[in-house]
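Please examine the model shown here with its sequence. The paragraphs below treat its architecture, its core and its aromatic pairs in turn.

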Amino acid sequence: MQNYIIQHQFQAPLHHLLQKLIKYVASKKAVPLKRQLNAQEIIVRLELALNTTDPVTVQLNDSLFNERITQLSGYIYQNNHGQLFVQSYKTHKFSNITPGMIRHISFN
């Protein structure tokens with residue numbers, strides 16, 4: 001019994017590390033890619049989202065070099081410094097967004 005306990009204590013950290021690695025490498029759910037809006041359309045929709053209390057779905061480019069995107073849903077807020085945030089209406093968690101990475105904004 002003591003050998004069993006000692007052997008599994010050393011395997012536990014390795015097990016947690018492997019689980020995190022598998023979770024990181026595993027593919028994410030595919031999000032339908034919406035069309036890229038031009039700058040004027042993004043500005044108009046962003047102003048409308050900030051001035052209303054309607055929830056929105058924002059698609060952000062992960063990088064300028066690939067087509068991977070991140071999709072956030074919730075309410076858009078702006079602080080005194082001009083930073084934009086999306087507050088999830090499910091978890092109430094804030095996510096900072098960069099305006100230059102916005103791909104598409106749609107209203108729910």
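The account begins with conventions and overall figures and then moves to individual strands and residues.

This is a predicted model, in which local features need pLDDT of at least 70 and side-chain atom pairs count only at pLDDT 80 or more, whereas totals for chains, interfaces and linings use all residues. Residues are numbered from 1 along each chain as its sequence is written, and side-chain values use heavy atoms, with hydrogens and water left out.

The secondary structure comprises two helices and five strands; helices (H or I, at least four residues) and strands (E, at least two) are DSSP runs numbered from the N terminus. Along the sequence, the elements follow the pattern α-α-β-β-β-β-β. The chain has 108 residues, of which 23% count as buried. Here, buried means under 20% relative accessible area, exposed means over 50%, and partly exposed lies in between, with a 1.4 Å probe and protein chains only. The chain exposes about 8,600 Å², and carbon and sulfur atoms supply 58% of this area; accessible areas come from the Shrake-Rupley method with a 1.4 Å probe, and for residues only the protein chains shown count as cover. Among contacts with a separation of 6 or more, 51% come from residues 24 or more positions apart, a contact being heavy atoms within 4.5 Å.

The five strands form an open sheet in the order E4-E3-E2-E1-E5, with antiparallel pairing. Two strands pair if DSSP finds at least two bridges between them. E4 and E5 are the edge strands, each pairing on one side only, and the twist averages 45 degrees from one strand to the next. Axes are lines fitted to C-alpha atoms, for helices over the stretch in contact, and angles run from 0 to 180 degrees between N-to-C directions. Between E3 and E4 there are four bridges in the antiparallel sense, and Val-86 stands opposite Ser-95 in E4. Helix H2 packs on the sheet, where it touches E1, E2, E3 and E5, and its direction makes about 45 degrees with that of E5.

How many residues of E1 are buried? Six of its six residues are buried, and E1 is mostly covered. Val-56, Val-58 and Leu-60 point one way from this strand, while Thr-57, Gln-59 and Asn-61 point the other way. E1 pairs with E2 in the antiparallel sense over six bridges, and five bridges join E1 to E5, again antiparallel. Thr-57 illustrates both pairings: its bridge partner in E2 is Ser-73, and its bridge partner in E5 is Ser-106.

The largest nonpolar core has 14 residues, and Val-58, Ile-76, Ile-97, Ile-102 and Ile-105 have the most contacts inside it. At least two residues of this core come from each of helix H2 (39-51) and strands E1 (56-61), E2 (69-78), E3 (84-87) and E5 (102-107). Such a core is a set of buried Ala, Val, Leu, Ile, Met, Phe, Trp, Tyr and Cys residues joined through side-chain atoms within 4.5 Å. In soluble globular proteins, nonpolar side chains tend to be buried together. With neighbours within four places in sequence left aside, Ile-102 is in contact with Gln-36, Ile-42, Leu-46, Val-58, Gln-59, Leu-60 and Ile-97. Arg-103 is also found in strand E5, and Arg-103 is buried at a relative accessible area of 10%. Beyond its neighbours within four places in sequence, the contacts of Arg-103 include Leu-33, Gln-36, Asn-61 and Glu-67.

The structure holds three aromatic pairs. Tyr-75 and Tyr-89 form an edge-to-face pair, 6.2 Å centre to centre with 70 degrees between the planes. Tyr-75 lies in strand E2 and Tyr-89 in the loop between E3 and strand E4 (94-97), 14 residues apart. Tyr-75 is partly exposed at 28% relative accessibility, as is Tyr-89 at 34%. Tyr-77 and Phe-94 form a tilted pair, 6.0 Å centre to centre with 50 degrees between the planes; these residues belong to strands E2 and E4 and are 17 residues apart. Rings of Phe, Tyr and Trp (its six-membered ring) pair if their centres lie within 6.5 Å, and planes under 30 degrees apart count as stacked, over 60 as edge-to-face and the rest as tilted. Ring pairs link Tyr-77, Phe-85 and Phe-94 into a cluster.
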